[in-house]
Amino acid sequence: MYNYGECEICNGTLEEKHIQQDFWIRGKLIVVEDVPAAVCPRCGEKVVRAEVGERIAELLNDTNRINAAPTISVPLLEYEVELVN
Ligand SMILES: [Zn+2]
């Protein structure tokens, strides 16, 4: 198992997990599932290995793959502030 070491923020012990990461690419939201990463249980910091980051960059550049991928719909909310007089 790859040793991620300790969390740089709080020195917590990082745990290896598979996470979902979302990216905005040219106005499009793309979600990548099952990304191997280390997550800090204390502060939530996420660390991804360089090779994993490179693979994600490849995936995000693969237009054919993106076009053929299943899509999900997500709630879209508008931030509204109620004015109090
Ligand atoms: Zn931490």
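Student: How do strand β2 and β3 pair, and over how many bridges?
Tutor: Strand β2, residues 28-39, and β3 pair in the antiparallel sense, over two bridges. Strands here are DSSP runs of E with at least two residues, helices are runs of H or I with at least four, and both are numbered from the N terminus. Two strands count as paired if DSSP finds at least two bridges between them.

Student: Before I go on, what kind of model is this?
Tutor: It is a predicted model, in which local features need pLDDT of at least 70 and side-chain atom pairs count only at pLDDT 80 or more, while totals for chains, interfaces and linings use all residues. Residues are numbered from 1 along each chain as its sequence is written.

Student: Back to that pair: which residues stand opposite Val 47 and Lys 46 in β3?
Tutor: Ala 38 stands opposite Val 47, and Val 39 stands opposite Lys 46.

Student: And what sits between β2 and β3 in the hairpin?
Tutor: There are six residues between the strands, and within this hairpin Gly 44 takes a positive phi near 85 degrees. Arg 42 also has its place in the loop between β2 and β3.

Student: Is Arg 42 buried or exposed, or something in between?
Tutor: Arg 42 is partly exposed, because 13 other C-beta atoms lie within 10 Å. On this scale a residue is buried if 20 or more other C-beta atoms lie within 10 Å of its own, exposed if 12 or fewer, and partly exposed in between, with the C-beta atoms placed from the backbone.

Student: What does Arg 42 touch, not counting residues up to four places away?
Tutor: Arg 42 touches Cys 7, Cys 10 and Gly 12, where a contact requires the C-beta atoms of two residues, placed from the backbone, to lie within 7 Å. Arg 42 and Cys 10 are 32 residues apart along the chain, yet their C-alpha atoms are separated by 7.5 Å.

Student: Now the whole sheet: in what order do the three strands come?
Tutor: The order is β1-β2-β3, in an open sheet with antiparallel pairing. The edge strands are β1 (15-25) and β3 (46-47), each of which pairs on one side only.

Student: How many bridges join β1 and β2?
Tutor: β1 and β2 pair over ten bridges, in the antiparallel sense, and Glu 15 stands opposite Val 39 in β2. Their hairpin has two residues between the strands, and Arg 26 in this hairpin takes a positive phi near 45 degrees.

Student: Which other residues have a positive phi although they are not glycine?
Tutor: Asn 11 has a positive phi of about 65 degrees without being a glycine, and so does Asp 34, at about 65 degrees. Asn 11 is found in the segment before β1, whereas Asp 34 is found in strand β2. Asn 11 is exposed, with 11 other C-beta atoms within 10 Å, and Asp 34 is exposed with 8.

Student: What about Ala 38, is it buried or exposed?
Tutor: Ala 38, which is found in strand β2, is buried, because 21 other C-beta atoms lie within 10 Å. Leaving aside neighbours within four places in sequence, Ala 38 is in contact with Tyr 4, Leu 14, Glu 15, Glu 16 and Val 47. The C-alpha atoms of Ala 38 and Asn 3 are separated by 9.3 Å, although these residues are 35 apart along the chain.

Student: How much of the protein counts as buried?
Tutor: Of the 85 residues, 5% count as buried.

Student: Switching to helices: where does α1 lie?
Tutor: Helix α1 lies across β1 and β2, running at about 165 degrees to β2. Such angles run from 0 to 180 degrees between N-to-C directions, with axes that are lines fitted to C-alpha atoms, for helices over the stretch in contact. None of the twelve residues of α1 is buried, so the helix lies largely in the open.

Student: What does α1 span from its first C-alpha to its last?
Tutor: Helix α1, residues 50-61, reaches 17 Å, close to the 16 Å expected at 1.5 Å a residue; the expected span is 1.5 Å times one less than the number of residues.

Student: Last one: what pattern does the protein follow along the sequence?
Tutor: The pattern is β-β-β-α-α, with two helices and three strands. The C-alpha trace spans about 50 × 45 × 20 Å along its principal axes.
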